[in-house]
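Q: I'm new to this one, so please pick a single part and take me through it slowly. After that, show me a spot elsewhere in the chain that deserves a second glance.

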Amino acid sequence: YNKLLKDANMTIANSQTTATLLHTLYKIEVDGIVYPPVDTEIFRPYIVRKENQVLLYLGSYAGDTDEKLVKGICEVLKKKGIEILVMGNKIIMDKLSEKFEVIPISGVSDIELAKIYSKSKLTICPQEWEQFGYVVAESIACGTPVLAFNIMGPKEIIEQTKLGLLAKNRREFLRMLEEYLDSRYSFPEKIYLSL
């Protein structure tokens, strides 16, 4: 991997986070950053009623999502009477379904997923290792705010679009979730995704 990177004529990163990692880990100077595209013909705000639901993304890999934090998130959502739609890591999803009533989202088309984002009050992305964050970008493109950690790719996307909440730590993450559900936050009515 290192040789491949060093032999390249040009290196383009998918986020500032990736550029920093390439520089720090491999001493590669990135020539530019090109954010991965989001198909805004599909991922756009749909005219649907917001439901009493949130979409909880469990991450792609076993180690990128803290199960204890996810259980804390589900406790808050259960206490507030919010329907929990989950997608991502099946192992964590199965463990959650033993204690919480969750609705798994898998095998849906992009249009169906975009409508789920549009209907949801919030998309929750508790991953601490995410170099870009397609779920973050897709949700925001659909007009639904995202709660994520104030690090890596999600931070870049949320800071650029101003449609989301960034938590510094787990305790703040849960506090911000409760406050958001109690409607203490507001966001612009229209978002123009410039990724």
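**The second largest pocket**

A: Let's start with the lining of the second largest pocket, which by class has six nonpolar, three polar and two charged residues. Here Ala, Val, Leu, Ile, Met, Phe, Trp, Tyr, Cys and Pro count as nonpolar, Asp, Glu, Lys and Arg as charged, and the others, Gly among them, as polar. This is a predicted model, where local features need pLDDT of at least 70 and side-chain atom pairs pLDDT 80 or more, while totals for chains, interfaces and linings use all residues. Residues are numbered from 1 along each chain as its sequence is written, and side-chain values use heavy atoms, without hydrogens or water.

Who's in that lining? Tyr 57, Ser 60, Tyr 61 and Asp 64 are among the residues there, and so is the run Trp 129, Glu 130, Gln 131, Phe 132, Gly 133, Tyr 134 and Val 135. A pocket is an open set of points on a 1 Å grid over the protein atoms alone, where a 1.4 Å probe fits, with protein on both sides within 12 Å along at least five of seven lines; lining residues have an atom within 4 Å of a point. The space inside comes to about 180 Å³, counted as what probe spheres set on the points fill, with points joined across faces, edges and corners.

Now for the second glance. Met 152 has a positive phi of about 55° although it is not a glycine. Most residues other than glycine have a negative phi. At 16% relative accessibility, Met 152 is buried, because buried means under 20%. Lys 162 also has a positive phi, near 60°, but Lys 162 is exposed at 56%, the cut-off being over 50% (1.4 Å probe, protein chains only).
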